[in-house]
Amino acid sequence: MMRLRIILICSIALIACCGDVSARVPQGGRESLFVLGAGARALGMGGAFTGVANDVSASYWNPAGLSLLQHRELGVMHVSLYEETAYDYASAAWPILDIG
């Protein structure tokens, strides 16, 4: 009985210490695309753009907002990141009459 308790305690301690090893591995500079954002207006609003998404960057934030477009739009963005990397975003939207 005592041996079973020792095995159980050791197992719990091992799981607690090494349970999710992948969470502690550094990402090596890889981030989600949704952390960076797109569009000057949306980034100026601090990323709170999903409810207002009514320009070409709506394809990134909330694609349903593309139905609110009144004119053809082209959006291009370039950001220089650390370690000589870059983040580029380009999108074009062309509203279709009476369809959205």
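Which residues form one aromatic cluster? I looked, and Tyr 60, Trp 61 and Tyr 89 do.

**Ground rules.** I am working on a predicted model, where local features need pLDDT of at least 70, side-chain atom pairs count only at pLDDT 80 or more, and totals for chains, interfaces and linings use all residues. Residues are numbered from 1 along each chain as its sequence is written, and side-chain values use heavy atoms, with hydrogens and water left out.

**Overall layout.** I found four helices and two strands in the protein, in the order α-α-α-α-β-β from the N terminus. Helices (H or I, at least four residues) and strands (E, at least two) are DSSP runs, numbered from the N terminus. Of the 100 residues, 21% count as buried. For burial I use relative accessible area with a 1.4 Å probe and protein chains only: buried is under 20%, exposed is over 50%, and partly exposed is in between. I also checked contacts between residues at least 6 apart in sequence, and 31% of them join residues at least 24 apart. Contact here means heavy atoms within 4.5 Å.

**Aromatic rings.** A pair of aromatic rings is described by the distance of the centres and the angle of the planes. The rule takes rings of Phe, Tyr and Trp (its six-membered ring) with centres within 6.5 Å; planes under 30 degrees apart are stacked, over 60 edge-to-face, and the rest tilted. I get two aromatic pairs that way. In the Tyr 60 and Trp 61 pair, the ring centres are 5.0 Å apart and the planes sit at 75°, so I log it as edge-to-face. Tyr 60 with Tyr 89 is also edge-to-face, because the planes are at 80°, with the centres 5.9 Å apart.

**Trp 61 in detail.** Trp 61 is in helix H4. Leaving out residues up to four places away in sequence, I see Trp 61 touching Gly 37, Ala 38, Ala 42, Leu 43, Gly 47, Phe 49 and Thr 50.

**Asp 55.** What about a salt bridge for Asp 55? Asp 55 is buried and has none; the nearest side chain of opposite charge is Arg 41, 4.4 Å away. A salt bridge needs a side-chain nitrogen of Lys or Arg within 4 Å of a carboxyl oxygen of Asp or Glu. For charges, Lys and Arg count as positive and Asp and Glu as negative, while His and the chain ends are not counted. I place Asp 55 in the loop between helix H3 (40–44) and helix H4 (58–61). Beyond four places in sequence, Asp 55 touches Arg 41, Phe 49, Leu 66, Leu 69 and Glu 73.

The Asp 55 side chain does have a polar contact of 2.8 Å with the side chain of Ser 57. Polar contacts are pairs of N or O atoms within 3.5 Å; within protein, one must be able to donate a hydrogen and the other to accept it, and residues adjacent in sequence count only if both atoms are side-chain atoms. Ser 57 is in the loop between H3 and H4 and is buried at 3% relative accessibility. Among the residues that Ser 57 touches is Tyr 89, a member of the aromatic cluster.

Val 76 is in strand S1 (residues 73–80) and counts as exposed, at 65% relative accessibility. Val 76 touches Tyr 89 and Ala 90, with residues up to four places away in sequence not counted. C-alpha to C-alpha, Val 76 and Ala 90 are 4.3 Å apart, and 14 residues apart in sequence.
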